[in-house]
Amino acid sequence: MSVRTACSLPRAARLRTPGSLRRWPSTTSSVQSARAFSTTLHRDATWGFVGLGQMGYNMAKNLRAKIPAADTLIIRDVNEETTKRFAAEAHEAARSADENRVEIAQNAREVAEKSTVMITSLPESQHVIDVFHSILKEGELPALEEERLFIDTSTIDPVTSKDIANAIHTTQAGRFVDAPVSGGVVGARAGTLSFMFGASSQTGQLLERVRGVLAHMGKKAWHLGEPGSGVSGKLANNYMLAINNIATAEAMNLGIRWGLDPKALAELINSSTGRCWPSEVNNPVPGVVESAPASRGYEGGFGVSLMNKDLRLALSAAEKSGTPLALGDQARQVYNAVEEAHRGKDFSVVYQWLQNKSE
Ligand code: NAD
């Protein structure tokens, strides 16, 4: 079947159907044998970053600051203003014209062609599919000294992530690793993110290489298993976070309505079995934890829309794997309503929504 016929399929199906991969030009074995990689990063290497949003911009900035000054970072975002600003800031930070080189690519394929390591940070599964499809549909990538490493840090659904890994590996375009992040914009800015990644553990070299790259943007990296396991781990964690946040808001609301002092109640919970991140660090009651978003009008922090997106992904992944979730649908109804009422606020605003309901 021709590429044109393949492109008439729904995009997700094109990446998912192994048969469709055979429609893209395949690589030759001689090219493949030249692609063995070492963990040593070469000087004057080219790195790629696609998706310079709230997370990506800061991650790419840390990457640029930590890779050798003579290396090049090639960036791509659909928002031109963002890439221009990034390049201008890097140029300003450079001590000489030969340092901190940043190039702006016209499309993701150009980034993939030039980079030995390409990182993506995109909003949703469909954006990641679009980017990787645009790379693979043009056929074989030119050979580089090292095998290409694609690291997707977006939070997407595990099935899509596995499909993309499969497409990259089957076409022998390189290695694909899913490495979603925890730590938010603050962690991205400070370079203290935690990554959970899925990568074939057949070669220890690959894991070391991935850890080396992630260390430029974060502090911790857990290898959870084969491709797709990074996003699975992320969604399991965030499902629990979504529920813990509602439970904390409900328990605090309940205690306060019974006449308990909010700080005393939080202290008790945090020394007892109810303790969790929303109760201890991100307490939803204003004034209980001074550094929490609740104490500054629920500004900053982890947006309720992002929480709702991760919950949606977790529920859909649970359904695809036939896993029952007793609280999933109810939690989704809560976040849908809270998102509608308090869009843009930190997800702990669930407490304020409950309070409004109680009045
Ligand atoms: P964002 O929307 O701020 O940034 C996404 C960027 O991707 C934007 O700059 C957009 O222009 C760009 N983009 C979209 N389609 C593109 C394409 N086809 N080619 C090139 N660029 C494209 O999102 P974000 O908050 O930075 O989040 C990125 C990912 O990280 C998401 O999957 C999110 O769930 C996850 N995440 C976010 C946070 C957070 O606190 N923001 C925390 C953990 C994980």
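View A. A polar backbone atom of L122 sits 2.8 Å from an oxygen atom of the ligand. Taken alone, the ligand would expose 840 Å², and the protein buries 84% of that area. Please keep in mind that this is a predicted model.

View B. For Q54, a polar backbone atom is 3.0 Å from an oxygen atom of the ligand. For G53, the distance from a backbone N or O atom to a ligand oxygen is 3.4 Å.

**View C. The shell around the ligand holds 21 residues.** Among these 21 residues, M55, D77, L122, T155 and K309 come nearest to the ligand. By type, the shell comprises 10 nonpolar, eight polar and three charged residues. Helix 5 (54-66), helix 8 (125-136), helix 10 (184-190) and helix 15 (304-320) each contribute at least two residues to it.

**View D. The ligand lies between two domains.**

**View E. Strand 1 is covered on both faces.** On one side you will find T46, G48 and V50, and on the other W47 and F49, all of them buried. Five of the five residues of this strand (residues 46-50) are buried, so strand 1 is largely enclosed by the rest of the structure.

**View F. Strand 1 pairs with strand 2.** The two strands run parallel, and five bridges join strand 1 to strand 2 (residues 72-76). Look for G48, which stands opposite I74 of strand 2.

Note on methods. Residues are numbered from 1 along each chain as its sequence is written. This is a predicted model: local features need pLDDT of at least 70, side-chain atom pairs count only at pLDDT 80 or more; totals for chains, interfaces and linings use all residues. Side-chain values use heavy atoms; hydrogens and water are left out. A residue is near a molecule or strand if one of its heavy atoms lies within 4 Å of it. A polar contact is a pair of N or O atoms within 3.5 Å; within protein, one must be able to donate a hydrogen and the other to accept it, and residues adjacent in sequence count only if both atoms are side-chain atoms. Accessible areas come from the Shrake-Rupley method with a 1.4 Å probe; for residues, only the protein chains shown count as cover. Helices (H or I, at least four residues) and strands (E, at least two) are DSSP runs, numbered from the N terminus. Ala, Val, Leu, Ile, Met, Phe, Trp, Tyr, Cys and Pro count as nonpolar, Asp, Glu, Lys and Arg as charged, and the others, Gly among them, as polar. Domain bounds come from an automatic or database domain assignment. Buried means under 20% relative accessible area, exposed over 50%, partly exposed in between (1.4 Å probe, protein chains only). Two strands pair if DSSP finds at least two bridges between them.
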